[in-house]
Structures are given as C-alpha cells and as structure tokens.
Amino acid sequence: MKVSFNELQGMGRKAFIGIGFAEGDAIDAAEMVAWMEAHGLGGVAALKKGLDYLLTEDPTEALTLVYQDADFSVLDAHNHSILGNASLAVELGYARARARGLSVTKIGRCHNRVLVIGYLSRLARRGMNVTAFWRNSHEPLIEQVVGFKAGHPVPEICVYSLENAPDDTEKNDGITLIMANHVDLLPSLRSDYALTNLMRQTEEDLERQRDSALVEGLEVDDQLWNTLKSLADRLLVEATESSRSGAGSGASDND
Amino acid sequence: MATQLDVQPQLKLRPASRVMNLVRLGSLHASRLSFSRSLVRQMAREDWTVTTVRSELDEQGHGAVIYRLQTPHHTYHGVMFSQHLEPERRSDRVIAEAWDVTFALVQGEVEDTLLEQMAANVPLQEAGRQHPRLLVLSRANKSLRNFDHFVEALALGHQPDPAWLTRVGYLYRTTAVYGNGKFGIADYARLQKNPDFNRPFSAQMFAVYLLRHFSIQQVEHLARVRSVDRAVGLAPALQRYLGIGNSTGLGMAPFLINHPQLIQQWVYCRERALAWAREQPPTVVSRLQLMTLLHRAHQHFVETVTEDGEQTQRNAATIVSIAAVIRWLDQMQATPNLWEELLDWADDYCSLEAQELINTLLIELYPDLIDAAENELGCEEILELQPEMRVAALKQMIESRFAWALDYDPKNPDHHYWFWYRSVEKEEPRLGVRSDEHGAEKELSLAIGPRIHRTYQLLDAFLDRSPRGSVVEFLMAHPGQKECVRRIQTMGATPYGEIQANLWHRGMKPMHLLRTKLSFFGASRFDPKSDRWVRVTLFQGAPLFCELFSDHGTDKERLAALDDWSFPVEPDSDLL
C-alpha cells in the first residue's frame, strides 16, 4: 500500500512507543525509517528485517560505554537495533567533535546499522561533517561508507565489495563514526584498489528520490503496516460510555 | 529575506510569562495575520479564479460538484460529494462515520480514474485510502435549521432573515480538515516550495472557503428545484455574511503541544506586529480608524450569541470594556504616547478578552508593515539536542526560562488530576481523571510542565555526582529524558517557547487550548458546547470569489477594502 511520509513517521512513532521505546527514541527511530524510505534507501525493508529482533529486545536496556578518552569512544549496543537508544552514542561523538575538532566513535554489536544514516542527517544539519563506515558480511566482504557534508541534508553513499581482503575473523556487527567540525569527510573510491563498486549515490540522486517520494507516496507492504498498527494500538485506551460522552458537546448535532 | 519587522532594533516584546499564559492565549481573537485573512488577501492580490467545471446535484442537492482553481502558478480542483444523511448518523465527533458533505482539494487535473477513486474513498474519510495528489481532505455537516430556512425563503422569492446567520453563521460546519499526509494524502513538505499553499494551513483554509461557495450554490440550486419561477438568489450581503462553521474538541490540543516551534512562530509574529504597532506615532487618522474598528467590534460582540454561560459573561465583559475604551479614546488626543497609554489603561480597566481585542485592532492599523510577517508563520519542526552543553547550564536554563514548570508539586493531587489519552474509538483524544478512570498508563505526554520538573530533579541529582558533566553524559544515565531535554534546549532559545500551563492541573481549561489555535486560523463567534467542545465560524464577512477578480481593479485601496472584513456585523435586512 502507499502511505505518506507523515503517516509512516507517525505510525512508526506510535508503534515504537507501543514496543516500549522512550518517547525520544521512538521519535528518532520513526524518523530514521521514514527518512531512509523517502530517500530510496530501504528504510521500510530494514525495519521489516529488524522488527522481529526489536520485539524480543528489552528496550530499556541502555548501551554501555566500554572505553572513552577525549577523542575516542567505544560503546556496546548488546546486539540491539540501532533504532533504540544508540542515537546517544552518535550524540556522544558529536559532543566530542565539538570539543576536540574530531572524534571517532565505535558502536559494537548492533543491528539495522544502515538506518543510522537517517539520524546522521540531524548532525549534518547542525553543522557537523560525518562519515559512517561498516562492513556487511564476509563472503564477499562488503563495505558501506556514508558521508555527510556539514549543513547538507543528504549524504553521498558508496557501497562496494572487496575481492582480496586480508583474513579477518572479527564479527562485522559494528559501526564506526568519524566526525569533524572543520573538514569534509566525503567517501571517495580509490580506482587502483581491487573492489567492485556496487552502488554510489550522490546528493542529487537522493534529493531526486525524495522529491519523487513526496509526489508518489511511499510503498509499505500491508503485513508490515498491520503489524505497526497493532503495536501502535497498544497505546489506545478502551472506551467507556462516560469517556465517550465526556469528550463531546453532550448535545445533538442535528440542529 | 529580512522584513521591515526584522530590522526594528529594539522592539518591546511582551514577556512570555504574560503572553504564553494559557488563560490569556484562550482570550485571543482572529487578527489580520490569521490564516483565513491572509489567504483572502493572497487570492485577491494574485487574482485566483474559481470556475465550476462539473455540477451534478440532483433534486435533493445530492451528487458531485467539481470546481477548478487557477492561480498564477498552478491548477487545482475542489471535488465535493453531497449525500443524504440519516439524522441518527449526523455527529460532529471524529467517531462519526458519515457526513452531509465530504470534499477534497486536488493538485492538478481530476481524470475519470481519479474521480472514481475519490468517489469510493473521500466519503469514507479516515476509513478510506486517499490519493497522494489530494492536498486536503475534509467533511462537513449541515446546520439543519439554517439550511432549511434558507432554502425555504429563497424558494419563496424572499431573502432569509440575517438574524439567522447572526445566531449561527453558516450552512455547514466542518468537523475535521485534514492535511499533511493524513490517510495517504500529500505531505505538507510537498507544498513547501509551492507559493500558493506554502503558508501554514493555507490549503486547508482554501478548502473551507470553497465549501462556503458550494453551500451558497447548493441552497440556490435547491430553491430553484422547489420553485423555479419564484426562487431568487442569495443577496450578496448575505452571501458575505455567511461563513463556514467548525466544530472541534480536544483533538486540537495534541497539535499545539506537539508543534511548539510552530506555535512559537505564530505567537512571535503576532507579538512582533503588536510591538511595532504600539511604537508607531498615532495620528488623527489612525486614532479615528481605531475608533471605527472598535465600534464595529463592539457591535459584533453585542450581536454574538452563545448558550454557554461563561462565554456569555466573557462576551458581556468585552462589550462593557470596549464601550469604555471608546469613551476613553474619545476624550484623548492623538499624542505620541496614545497607544502606550491606551494599553496601560486597558490593563487596568478591561477584561482579558477586551485587552487582546485592542491589541488585535491596533495591528489592523499598519498593514503595509505587518502583512510581511505572514510569510514567516511557517517553520520546520525539529527539536535539536545540544549534547555538549554543560548540565549546570541546562539546569540554569530551566530556572530562567521554565520557572513556571517548577511550580508543579507532585504531592498535590490537583497538580496531576487529569491525564490525556487516545481512545480506541478512532483514536479520539480524551481527558480522564487520574484517580477515577483507567488508562493512565497509556497517557499522552502532553503535560510539558511536569516533565520539565522531573528532568530538573534528575539534573539536580546528577550535578551532585558530576558537577562538570555534559548533557550527553546525563542522557547516557537517563536515556528516557532525551526528548524533554532537547525540547528545553530548543524552545529555551525562543521568546515564546511553551504554553505556560500544567495540562494535568485540575483547574486547567481545555477550551483555552482550542481557542488559541482557532484564533490563528481566523475563527470568530466562539460558541462553547461544553468545557471541551466548541463551535466557531470562519470566513464570516469575507469577500466572495466574484469580488476578488481583478476585473474590478487591483489598486491598493480596493485590496485594502476587500481585506477589511474582521468582526462582521449583521447586514440591514431592509437593504437586502
């Protein structure tokens, strides 16, 4: 079915609160999904993929700060979706970069990482240059790099596979964020490296996609929409005769 | 682009503690910056034209009518579906499932396939899936007494008695006017680059204005059906005096609380206009203009009828106050301090509604400057976190900018008497008594005051442990506070950040919230039907489509005369 951006955002917000997210996290999560979908970056598909995990997670379990110094922070997301309170890890990196000019933040053990792009747009709006980097799998090894220029509403995105990557047994379930106050950090492919360019999206591509989404609406599959609606319905209160009559004028409208 | 208002160096804005007081906000009137006024000015200035391209009303006035709107930039269509409605199904509540008229504003053409889709979905309103080219979706119910009286009178070759429109100023009242992506229609973001409808609620206001046009055509059609030989058209003065009603309840409250930056922008533009107006040197002409406006407003309130006891008293107080203002002003000369003296005098001797009425009328005197602000009434609603801020600075910000929120006393049951929630019945917003009714665990977080109070307490404890801590460190310890913190940080930087009231408080009156929003829409004739339900009138007195056409001239005087329709008074029946 087709839905509007505002509908997807609104339904998402209510559904996330229904799951047990704090209000601020629900607002951010819904914005991330809708933002990604409107820019053609698969927000709805990512949510669909991660929703079953989300429903089994404890939304009140906060991420843990494993290490920090003035420039560098490492956090553990406990195998939770980035849609939860992981935005605070991003904000920690932002605060460090504001103080120090540059920061590196690593969030380990998190899912739905692609959705972080929707939140990074907030930081760019506040004047921060941001690059996010993560790896998706081992065979073939795929790297994704997203770069926001300060003040720009949309990023540039590179996705590529590496053909001759050195052996590496670390799990690819983390994300690294680099933020800089004063210099651009845009992704740029090195042509002399053995890689296959899978996707490169420019700012113009993403803005075109957004304009088209506003005209055409966003496609959401019925099953996911019904699931979100049933989660959102958890916030509704059963009606009673007194609640029904108390909310109106108490008089006939046949006048 | 900076407007003249921006370059005024030191405007004396009224303090937020005064302006954002809920009782004062609940005393506001429509002004020349209200959205309905602004829309009519734009239509006249830009020579918008409306033509009927399809009219298929049957002998009962049921069927479809399509209007074409041409602006300098785009083409739109208004599609109206009128149907028979059994009286037992007629309800103004959101829980209704059928209405006398349902309608939509469409961007572009209405092809047969789109019309078919709309015919199947628009009458269902929330229960339908609407097309993304619809900009506005709405519905309305008849004012049965007025409607029947008008058809009967016109069919007999008479003009209806204007007193009917003074009692109830419309033939139809809308019960919801949806925009911004609701039920599949276009997002507001789509309109942001569209000069026709990029102001807040301007597309919705146009749809309501079009309904007014339809209502006139429909009663004239029915009168002709009843008596083709004797029927007459509605007199132009009555057409002008005819508005469109709106019936609304608690649904407006969540919007006000969930769009604090937009509300700040609306209030800021109005307050800036007032601050500028009061600094202008009064002249003999402007003093007389104000007297004229006061006389008309006085008559408007003398004629205004409501069954609500409290609003009747408020109207009576306004009438007494305005009469006193007229007497006072009559004795005064146009000295340089006249406006300041008038406002000081009004503070001492006038009711709250009358004080705000004087402010509204002062703004009327300076259109050249003030109308520029109408392009600044919109904004993107984004609450931003400042994670690097020191917790001590955030605490200080609460103390200096949100002191009103710290008045909340968790130990006092009256301070958390109400809770707000959405009912399972079409998600209708409702109020419950916390100690008596179930559902408080699912309440909507609309009471900003108590939330800020809670944040303040947590900040206080955190500061004991981490005197140099940052906001992000505080939030890592209290992640649930993120939304409240970024709201404090964002709104704390604005002059009119928040409605300063505890929405849980036993003494809180939801009617003030409704009136706040409705006044910016341009509503008049506030007619409460309970403590949380109100009927109002929009566009009463506004010029008609046929009067807006540039064939009549586009000189400044004519446009100013077209714009002068606030606080309308009953037309003389002998002159119809």
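The model is predicted: local features need pLDDT of at least 70, side-chain atom pairs count only at pLDDT 80 or more, and totals for chains, interfaces and linings use all residues. Residues are numbered from 1 along each chain as its sequence is written, and chains are lettered from A and ligands numbered from 1 in the order in which they are written. Helices (H or I, at least four residues) and strands (E, at least two) are DSSP runs, numbered from the N terminus.

**Contact between chains A and B**

- Chain A gives 43 residues to the contact and chain B gives 50 residues; two residues are in contact if their C-beta atoms, placed from the backbone, lie within 7 Å.
- On the side of chain A that touches chain B, at least two residues each come from β1 (2-3), α1 (5-19), α2 (23-38), α4 (87-100), α6 (203-216) and α8 (241-246) of chain A.
- The largest share of that side, seven residues, is supplied by α4(A).
- The side of chain A that touches chain B divides into 20 nonpolar, 11 polar and 12 charged residues. Here Ala, Val, Leu, Ile, Met, Phe, Trp, Tyr, Cys and Pro count as nonpolar, Asp, Glu, Lys and Arg as charged, and the others, Gly among them, as polar.

**Sheet in chain B**

- An open sheet of nine strands in chain B has the order β1-β2-β3-β4-β5-β6-β7-β11-β10, with mixed pairing; two strands pair if DSSP finds at least two bridges between them.
- From one strand to the next the twist averages 25 degrees, where axes are lines fitted to C-alpha atoms and angles run from 0 to 180 degrees between N-to-C directions.
- Six bridges link β1(B) with β2 (residues 63-70) of chain B in the antiparallel sense, and B:Thr49 stands opposite B:Gln70 in β2(B).
- β2(B) also pairs in the antiparallel sense with β3 (residues 75-82) of chain B, over eight bridges. B:Ile66 has B:Val79 in β3(B) as its bridge partner, and a hairpin of four residues joins β2(B) to β3(B).

- The 20 residues of α10 (residues 260-279) of chain B should span 28 Å at 1.5 Å a residue, and the end C-alpha atoms are 28 Å apart, which agrees. The expected span is 1.5 Å times one less than the number of residues.
- In α10(B), 15 of the 20 residues are buried, meaning that 20 or more other C-beta atoms lie within 10 Å of their own; exposed means 12 or fewer, and partly exposed is in between.
- α13 (residues 338-349) of chain B has 12 residues and reaches 16 Å from its first C-alpha to its last, close to the 16 Å expected.
- B:Trp339, B:Leu342 and B:Ala346 are buried in α13(B). Down the helix axis, the buried residues of α13(B) fall within an arc of 60 degrees, so they line one face; the arc is that of the directions from the helix axis to the C-beta atoms.
- Exposed residues B:Asp344, B:Asp347 and B:Asp348 lie on the face of α13(B) turned away from its buried side.
- The cover over the buried residues of α13(B) includes α10, α12 (309-330) and α14 (352-364) of chain B.

**B:Arg390**

- B:Arg390 sits in the loop between α15 (367-370) and α16 (391-401) of chain B, and counts as partly exposed because it has 18 C-beta neighbours inside 10 Å.
- Leaving out residues up to four places away in sequence, B:Arg390 touches B:Arg468 and B:Ser470.
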